[in-house]
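Please keep the sequence and the 3D view at hand while reading.

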Amino acid sequence: DGFLKVRVIDAKNHLLGRLAAVIAKSLLNGQRVVVVRCEGIVISGNFYRNKLKYLDFLRKRIRTNPSRGPFHFRAPSKILWRTVRGMLPHKLYRGAQALDRLKVFEGVPPPYDKKKRFVVPSCMKIVRLKPKRKFAELSRLSHEVGWKYKDVIDALEAKRLARSKMYWDKKQAQLKLRKQAITNVADKIADIDKEIQSMGCYTV
């Protein structure tokens, strides 16, 4: 879509692997990416199967000293981060630099709640999965394997959505007043509007 200083992606209802691939390519091209609402990501395949796969992953560790890795992230944002890392040459300089350009969050923390958020249509569940196919929510999977903040994030998101609705309602009321004000003086400024339009400009 073009190059932005920072691209904020709303990850809700995106497929994990497809989204990670698009993000990885953008990072290698030099784009800074911030991903919000990671708890809304979905994985294709039913929940039970995906949970078994994750539990199998939890068994993989260094036998002599498990604190050396591999590290099993439980938070949805870190699961996405690890998926993207697997698609980057993160042990080389350019891969490490690319990974540093990525930020991931659950919910929509400030200042990103006031910024324009993008979606990636080619990665969305509604576009890529057939209607009857099963899928698993990453937030539920994370919650069941040890992520402790699902309730906190849900509460914060409910507050954010309430604030967002208040802002939207206020904005619509102001727009309505502005339209009414323009209508009230339309007769008085009709000549001026005509002159402005004749110069190739448009009046609002």
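The numbered points below go from the overall form to single residues.

1. Basis of the note. This is a predicted model, in which local features need pLDDT of at least 70 and side-chain atom pairs count only at pLDDT 80 or more, while totals for chains, interfaces and linings use all residues. Residues are numbered from 1 along each chain as its sequence is written, and side-chain values use heavy atoms, with hydrogens and water left out.

2. Secondary structure. The protein contains eight helices and five strands; helices (H or I, at least four residues) and strands (E, at least two) are DSSP runs, numbered from the N terminus. Read from the N terminus, the order of the elements is β-α-β-β-α-α-α-β-α-β-α-α-α.

3. Overall dimensions. The radius of gyration of the protein is 23 Å, whereas a compact globule of 204 residues would have a value near 17 Å. This radius is taken over C-alpha atoms, and the globule rule is 2.2 Å times the number of residues to the power 0.38. Along the principal axes, the C-alpha atoms fill a box of roughly 85 × 40 × 35 Å.

4. Burial and surface. Of the 204 residues in the protein, 30% are buried; buried means under 20% relative accessible area, exposed over 50%, and partly exposed in between (1.4 Å probe, protein chains only). The protein exposes about 14400 Å², of which carbon and sulfur atoms supply 56%. Accessible areas come from the Shrake-Rupley method with a 1.4 Å probe, and for residues only the protein chains shown count as cover.

5. Contacts along the chain. Among contacts between residues at least 6 apart in sequence, 77% join residues at least 24 apart. Contact here means heavy atoms within 4.5 Å.

6. The whole structure holds nine salt bridges, each defined as a side-chain nitrogen of Lys or Arg within 4 Å of a carboxyl oxygen of Asp or Glu. One of them pairs Arg37 with Asp10, with the closest N and O atoms 2.8 Å apart. The two residues are 27 residues apart and come from distant parts of the chain: Arg37 from the loop between strand 2 (33–36) and strand 3 (42–44), Asp10 from strand 1 (residues 7–10). Arg37 is buried because its relative accessible area is 17%, and Asp10, at 10%, also counts as buried.

7. A bridge between two helices. Lys51 forms a salt bridge with Glu144, the closest N and O atoms being 2.9 Å apart. Because Lys51 lies in helix 2 and Glu144 in helix 6 (residues 138–144), this pair ties together parts that are 93 residues apart in sequence. Lys51 is partly exposed at 22% relative accessibility, and Glu144 is partly exposed at 35%.

8. Lys150 and Asp154 meet in a salt bridge of 3.5 Å, N to O. Both belong to helix 7 (residues 150–184), where they are four residues apart, about one turn of the helix. Elsewhere, salt bridges with shared partners join Asp10, Arg37, Glu157 and Arg160 into one network.

9. Is His14 buried or exposed? His14 is buried, because its relative accessible area is 0%. This residue sits in the loop between strand 1 and helix 1 (16–28). A polar atom of the His14 side chain lies 3.0 Å from the backbone oxygen of Lys12. Residues that His14 touches, leaving aside those up to four places away in sequence, include Leu19, Ile41, Val119 and Cys123.

10. Ile41. The loop between strand 2 and strand 3 holds Ile41, which is also buried, with a relative accessible area of 0%. Beyond residues up to four places away in sequence, Ile41 touches several others, among them Ala11, His14, Leu80 and Leu138. The C-alpha atoms of Ile41 and Lys115, 74 residues apart along the chain, are separated by 20 Å.

11. A nonpolar surface patch. Tyr48, Leu52 and Leu55 form a nonpolar patch on the surface, with about 320 Å² of accessible area together. Patches are made of residues with over 30% relative accessible area and no salt bridge; like charges are joined within 9 Å, nonpolar side chains (Val, Leu, Ile, Met, Phe, Trp, Tyr) within 5 Å.

Definitions and conventions: Polar contact = N/O pair within 3.5 Å; in protein donor to acceptor, adjacent residues only side chain to side chain.
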